[in-house]
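Please examine the sequence and the model before reading each solution.

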Amino acid sequence: MFRFIFAIMLGFISFQGFADDRKIEFILKNGDQVIFEKSLGIDRMKTSAAPRSLSFQSPVYKKPMTYNGLDFKDVAASAGVDFSKVEEIKFVALDGFVASWSKGTTKSPLVVVTDEKGNPNGFTDIGEGKETLNPGPFYVMTTDPNEYNNWIWPFQVYKIEFNYQAPKPDYYPTGAEDKPIIMAGYVAFKSTCISCHSINLEGGDIGPELNIPKNITEYRDKEYLKAFIKNPNSYRAKSRMLKFEHLSDQQLNEIIEYMAYMGSLKMLDKINE
Ligand code: HEC
């Protein structure tokens, strides 16, 4: 009886009490071949992953935030993934947002963020476009907040797909391997834009397709693109596209050169598929 009461009290005072039935679905692939699919509960992850705590000035809430989380490599290991062999990871969010991570995207380790310290509801709602939503079940952040410029932390993550052999996507700039500006633009686009935009119909679908049938640079000029990418709200109130004010002129040029280059690799057949 005493243990029963104790368990109820724990459930009340701690967000991570017995009622926490959150899970992550894991998929491990080698190219197109699926090695396994499994789902792991948070309790199970907590028994094998080292706890991590993150404190920083949040670019989302614009105030200091402290989070509890779990070491990402440990979480991957508990799912049976050999992290040293992973070439690409896709973080899938409840609304269909897919954040891609590949080797080199971030320099600091990743953390699976489980809740805000001291918040009994787990996470504080955030505004997105004209709506508000809760960032749970999980965020995936980097341990160095300055890396927010290289990689946007995905929230509402419920599924993580690891790949030991990343296939070249349809937005890969074939033939530009010796053009550093285009390759740099590709890497930046892949880590910050592809989660919402598709090129040749591969990528996210929160924002518009940017290559077929017309490449974005065929109907929008460079100065407009730079200003829009830096601050979409200066054109369209409450745009669902994030601001990219921190991108330098050079980074914007690289991204635009990459987008323009893709105009020479249009996969028009995909429109009627
Ligand atoms: C969170 C999702 C999201 C991310 C990330 C995102 N976009 Fe967008 N983007 C959108 C949406 C949604 C629109 C449609 C804008 C609107 O109607 O307000 C859009 C519109 C655009 C347009 C079209 C503008 C026009 O006038 O037709 C361009 C170009 C663009 N985005 C480029 C980018 C680039 C480059 C990046 C990466 C640096 C990026 N976007 C990242 C969601 C996103």
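**Exercise 1: the sheet**

In E2, Glu-37 is the bridge partner of Ile-27. The model is predicted: local features need pLDDT of at least 70 and side-chain atom pairs pLDDT 80 or more, while totals for chains, interfaces and linings use all residues. Residues are numbered from 1 along each chain as its sequence is written, and side-chain values use heavy atoms, without hydrogens and water.

Task: state which strand pairs with E2 and where E2 stands in the sheet.

Solution. Step 1: Strand E1 (residues 23-30) runs antiparallel to E2, joined by eight bridges; pairing requires at least two DSSP bridges, and strands are DSSP runs (E) of at least two residues, helices (H or I) of at least four, numbered from the N terminus. Step 2: The open, mixed sheet of five strands has the order E2-E1-E11-E5-E6. Step 3: E2 (33-41) and E6 (98-102) are at the edges with a single partner strand each, so one side of each lacks a neighbour in the sheet.

**Exercise 2: the metal site**

Task: determine which residues coordinate the iron atom of the ligand, and the arrangement of its donors.

Solution. Step 1: His-197 (NE2) and Met-241 (SD) coordinate the iron at 1.9 to 2.1 Å; donors are N, O and S atoms within 2.8 Å of the metal (3.2 Å for Na, K and Ca). Step 2: The six donor atoms subtend angles of 87 to 177 degrees, which makes the arrangement octahedral (six donors, opposite ones over 155 degrees apart and all others between 65 and 115). Step 3: His-197 lies in the loop between H4 and strand E12 (198-199) and Met-241 in the loop between helix H6 (222-230) and H7, so the pair ties together parts 44 residues apart in sequence.

Methods. Four donors count as tetrahedral if all angles lie between 85 and 135 degrees; four count as square planar and six as octahedral if opposite donors are over 155 degrees apart and all others between 65 and 115; anything else is irregular.
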